[in-house]
Amino acid sequence: MSIGIDRINKRFGDFVAVDNVSLTLNDGELTALLGPSGSGKTTLLRIIAGLEQPDSGRIRFHGEDTTDLHVSDRGVGFVFQHYALFKHMSVYENVAYGLTVKPRSQRPSKADIRKKVMHLLKMVQLDWTADRLPSQLSGGQRQRIALARALAVEPKVLLLDEPFGALDAKVRAELRRWLRRLHDEIHVTSVFVTHDQEEALEVSDRVVVMNHGRVEQDGCPEEVYDHPANPFVYQFLGSVNRFGARVRDGVAQIGRLQVSAPEYAGQSDSPAVAYVRPHDIEVLPGASDASLHARIDLVSVIGPRVRLELQTENSSQTVHAEMSRGRFRELGLAQGGDAWIRLLNSRVFLDDGEIRRA
C-alpha cells in the first residue's frame, strides 16, 4: 500500500506545522520521519492517519484519495509513545479489542479471534502474557503488545509516533532491532516518527529529514548520512566538526590545508564552511603533508572507542575526533600532548550567513 502525500499544508494559528510537503512512500517500506521538535513530523503522521485535517493538499492510499475519510475508514494501525493500552483489560483482551468491536457482519468468530490474537502474541514473543494485565508488564513488553493490537485489524498502513520514546536506552535499542526483524517478516507499509538519528538510520528503509515543516532530504539511510543535502542535515545526523574556509576555483582553503571542492569550480574567493565527521579526522603523532598542528585537550575512553578533543593553532574552536582504542594505543597519543590532524572526508558549503547562525 503506497502512500501519496501531495502538497500538504497545515497551520496552527501563525505556526506553520507542515509547509507544502509532497512525498510518495512506497509499498512495504519502513519510512522514518526524522527531525527536531516542531519540525512537523508528528503533524504529518497524524494527517496521514486522519487524526488531523490538512489546510490544503491531498493524501492518497494506493492512488485512492483518503483525505476526507474518517480515521476509522482508512485502514491504519496506530502505535503511540505511551502504549494507550486499556488498563482494566488483559493483554489478550487488548489485542482482541479491534476485532471484537467490528460490525457483526465483519466480525470474526470467537475461535478465529483467539487464533489470530495468539498468533500475534507469539509473533511479538509474548504469548505467555495473555492473561496478565498491562500493569504487570515492563514498558518494552507493553509497547510490543500495543504493536500487536495495531496489527490485529490487518491495517493497510502502520503508523508509529515515537514508539520507543518513553523507554530507557537499552530497551530502545533492543526494540528497534526487534521492530526491524518484525517488519521484514510482515512487510506492512510503515511510517514512524522519531527525533533519534541513530534509531532512524538503524531501523528504516528510508529516512525523510524534516525541519520547520519542510522536507530537507529524502533517501535511504546511507545516502542521507554519507551525502547530506545541506548544512542542517549534516549537523542533525550525528556529530560534526565545522571549519571556516575560503573557496576559490574548486578548492577550499582551511588554514594551511587545501580541500577539493569541485562543485565550486569557477567560484571567486568566497567564505565557506567545511563539515567533517569525527571519524573522518585522522590524528597523527607527527607532522605529515596536508596536516594541521593541534594540542590534545581531552581524551575520553568509551568502551572500544576513544574520543579526542583537540585545539588547533589560530582557532578557538574545539575539534572532535574518534578512533578505536587499539589505534589510540598504537599511536602513543596522550592528553596534553601534540598531534597533527588530517581531514579524510569533508563537504564544503558556501557560507551565506545562515550557517554561522546555526
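## Terms and basis

Residues are sorted here into classes in which Ala, Val, Leu, Ile, Met, Phe, Trp, Tyr, Cys and Pro count as nonpolar, Asp, Glu, Lys and Arg as charged, and the others, Gly among them, as polar. The structure is a predicted model, in which local features need pLDDT of at least 70 and side-chain atom pairs count only at pLDDT 80 or more, while totals for chains, interfaces and linings use all residues. Residues are numbered from 1 along each chain as its sequence is written, and side-chain values use heavy atoms, with hydrogens and water left out.

## Cavities

A cavity is a set of points, on a 1 Å grid over the protein atoms alone, where a 1.4 Å probe fits but cannot get out, and its lining residues have an atom within 4 Å of a point. Grid points are joined across faces, edges and corners, and a volume is the space filled by probe spheres set on the points. By this rule there are two cavities of 30 Å³ or more.

The largest cavity has a volume of about 40 Å³, and its lining consists of Leu 30, Leu 147, Leu 151, Leu 158, Leu 179, Leu 182, His 183, Ile 186, Val 188 and Ser 190. By class, this lining has eight nonpolar, two polar and no charged residues. Helices are DSSP runs (H or I, at least four residues), numbered from the N terminus; helix 4 (139-152) and helix 5 (169-186) each supply at least two residues of the lining of the largest cavity, and helix 5 gives the most, with four residues.

The second largest cavity, with a volume of about 30 Å³, is lined by Val 79, Gln 143, Arg 144, Leu 147, Leu 160, Pro 163, Phe 164 and Trp 178. The largest share of its lining, three residues, comes from helix 4, and the lining as a whole divides into six nonpolar, one polar and one charged residues.

Two packed helices are described by the angle between their axes and the distance between the axes. Axes are lines fitted to C-alpha atoms, for helices over the stretch in contact, and angles run from 0 to 180 degrees between N-to-C directions. Angles under 35 degrees count as roughly parallel, over 145 as roughly antiparallel, 65 to 115 as roughly perpendicular and the rest as oblique.

Helix 2 (residues 91-100) packs on helix 3 (residues 110-123) at an angle of about 125 degrees, with their axes 10 Å apart, and therefore helix 2 is oblique to helix 3. In their contact (heavy atoms within 4.5 Å), Val 91, Tyr 92, Val 95, Ala 96, Leu 99 and Thr 100 of helix 2 meet Ile 113, Arg 114, Lys 116, Val 117, Met 118, Leu 120 and Leu 121 of helix 3. The classes in this contact of helix 2 with helix 3 are 10 nonpolar, one polar and two charged residues.

With helix 4, helix 2 packs at an angle of about 25 degrees, the axes being 7 Å apart, so helix 2 is roughly parallel to helix 4. Val 91, Asn 94, Val 95 and Leu 99 of helix 2 make this contact with Ile 145, Ala 148, Arg 149 and Ala 152 of helix 4.

## Helix 3 against helix 4

The axes of helix 3 and helix 4 come within 10 Å and cross at roughly 140 degrees, which means that helix 3 is oblique to helix 4. Here Lys 116, Leu 120 and Leu 121 of helix 3 meet Ile 145, Ala 148, Leu 151 and Ala 152 of helix 4, a contact of six nonpolar, no polar and one charged residues.

Key:
1 Å grid on protein atoms, 1.4 Å probe; cavity = no way out; pocket = protein on both sides within 12 Å on 5 of 7 lines; lining within 4 Å.
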